[in-house]
Amino acid sequence: MTKLVRRELLARIKEYVCYTELVYQRVNKKLAVDLSKPEIEALVTAVLDDSATDVEKVGKNYYVTNSSRQVQLVINSFNYRLITANHVTE
């Protein structure tokens with residue numbers, strides 16, 4: 001995937017990403033943090049804006065990984081709903 005295509009895809013995900021009540025709890029649990037809803041949304045935006053972020057589509061999901069922040073977002077590719085966030089290590 002070229003840098004331009006990746007940037008366009010990340011911009012589209014950022015524009016349409018949405019959340020459920022359950023996902024806020026899931027993100028806090030999976031990342032072992034206690035962030036508020038606005039803080040979680042800010043984290044997602046920061047990951048999507050970071051030039052070091054990589055995105056890969058596997059099946060019906062986008063896996064958006066940022067190694068410097070040690071976070072991977074899993075986003076449904078059909079409705080752009082955040083499914084979960086995972087802690088990743090390099």
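This is a predicted model: local features need pLDDT of at least 70, side-chain atom pairs count only at pLDDT 80 or more; totals for chains, interfaces and linings use all residues.
Local features were taken at pLDDT of at least 70 and side-chain atom pairs only at pLDDT 80 or more, while totals for chains, interfaces and linings use all residues. Residues are numbered from 1 along each chain as its sequence is written, and side-chain values use heavy atoms, with hydrogens and water left out.

We can start with the helices (DSSP runs of H or I, at least four residues, numbered from the N terminus, as are strands, which are runs of E of at least two). Helix 1 (residues 3-16) packs on helix 3 (residues 37-49) at an angle of about 165 degrees, and their axes lie 9 Å apart. Here axes are lines fitted to C-alpha atoms over the stretch in contact, and angles run from 0 to 180 degrees between N-to-C directions. The two helices are therefore roughly antiparallel (an angle over 145 degrees). Contact (heavy atoms within 4.5 Å) involves Arg7, Leu10, Ile13 and Lys14 of helix 1 together with Thr45, Leu48 and Asp49 of helix 3.

Two of these residues meet again in a salt bridge (a side-chain nitrogen of Lys or Arg within 4 Å of a carboxyl oxygen of Asp or Glu): Asp49 pairs with Lys14, with 3.0 Å between the closest N and O atoms. Because Asp49 belongs to helix 3 and Lys14 to helix 1, the pair ties together parts 35 residues apart in sequence. The whole structure holds three salt bridges.

Turning to the strands, strand 3 (residues 71-76) and strand 4 (residues 82-87) pair in the antiparallel sense over five bridges (pairing requires at least two bridges found by DSSP). Gln72 stands opposite Asn86 of strand 4. Five residues separate the strands of this hairpin, and Tyr80 in the turn has a positive phi of about 60 degrees.

Notes
Angles under 35 degrees count as roughly parallel, over 145 as roughly antiparallel, 65 to 115 as roughly perpendicular and the rest as oblique.
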